[in-house]
Amino acid sequence: MKQHSNLVLCVDDERIGLEVRKILLERAGYTVLTASDGPTGLAVFSAEPVEAVVLDYSMPGMHGGEIASQMKQIKPEVPILLLSAYIGLAPEVTSLVNLYMTKGEGAPVLLEKLGSLLQPIS
């Protein structure tokens, strides 16, 4: 098992999906914080030394694009992976994040994409 120990914030209003993602990432060696809505996610993001964000797009109140936009204003260097059940989100949304994937792509793709965001730039 790889030891990442990077601090990752997962933001999703679906409790089961959030828990499954948390377990998956922890088993892969990440330290995981969770938030079940945009305002909570922004508060955790601001207060903690988060190294990457896994962000759901479709949430009540604030969608992932709005949250990503605010996160980029707070800490522009922190990479964001946007998850969505929708294929083909608008460029205005996908341009706000580092990577975008659909939830249907599965756990191995999520781990691969997250890992690529956290690779040191050489």
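The stops below go from the annotated domain to the core, a helix and a group of charged residues.

This is a predicted model, in which local features need pLDDT of at least 70 and side-chain atom pairs count only at pLDDT 80 or more, while totals for chains, interfaces and linings use all residues. Residues are numbered from 1 along each chain as its sequence is written, and side-chain values use heavy atoms, with hydrogens and water left out.

**The annotated domain**

Select residues 7-118, which an unreviewed UniProt entry annotates as "domain: Response regulatory". UniProt positions are given here in the numbering of this model, with feature names shortened, and such annotations may be inferred rather than shown by experiment. Over residues 7-118 the chain is 44% helix and 21% strand, and the end C-alpha atoms are 10 Å apart. Helices (H or I, at least four residues) and strands (E, at least two) are DSSP runs, numbered from the N terminus.

**The nonpolar core**

Next, select Leu9, Val53, Leu55 and Met71, the residues with the most contacts inside the largest nonpolar core, which has 21 residues. Such a core is a set of buried Ala, Val, Leu, Ile, Met, Phe, Trp, Tyr and Cys residues joined through side-chain atoms within 4.5 Å. Buried means under 20% relative accessible area, exposed over 50%, and partly exposed in between, with a 1.4 Å probe and protein chains only. The elements giving two or more residues to this core are strand E1 (7-11), helix H2 (38-47), strand E3 (52-56), helix H3 (64-74) and strand E4 (80-84). Apart from this core lies another, of 16 residues, among them Leu18, Leu25, Ala52 and Leu118.

**One face of helix H3**

Now display helix H3, whose buried residues are Gly64, Gly65, Ile67, Ala68 and Met71. Seen down the axis of H3, these residues fall within an arc of 160°, so they line one face of the helix; the arc is that of the directions from the helix axis to the C-beta atoms. The buried residues of H3 pack against E1, H2, E3, E4 and helix H4 (91-94).

**Aspartate 56**

Select Asp56, which UniProt lists for "modified residue: 4-aspartylphosphate" in an unreviewed entry. Aspartate 56 is in strand E3 and is buried, with a relative accessible area of 2%. Leaving aside neighbours within four places in sequence, aspartate 56 is in contact (heavy atoms within 4.5 Å) with Val11, Asp12, Asp13, Gly64, Leu82, Leu83 and Lys103.

Move to aspartate 12, in the loop between E1 and helix H1 (15-27). Is aspartate 12 buried or exposed? Aspartate 12 is buried, with a relative accessible area of 0%.

A salt bridge is a side-chain nitrogen of Lys or Arg within 4 Å of a carboxyl oxygen of Asp or Glu. At 11% relative accessibility, arginine 21 counts as buried, whereas lysine 103, at 27%, counts as partly exposed. Lysine 103 also forms a salt bridge with aspartate 12, the closest N and O atoms being 3.5 Å apart. This pair links distant parts of the chain, 91 residues apart: lysine 103 is in the loop between strand E5 (99-102) and helix H5 (107-117), and aspartate 12 in the loop between E1 and H1.

To finish, select Asp12, Glu14, Arg21, Asp56 and Lys103 together; salt bridges that share partners join them into one network.
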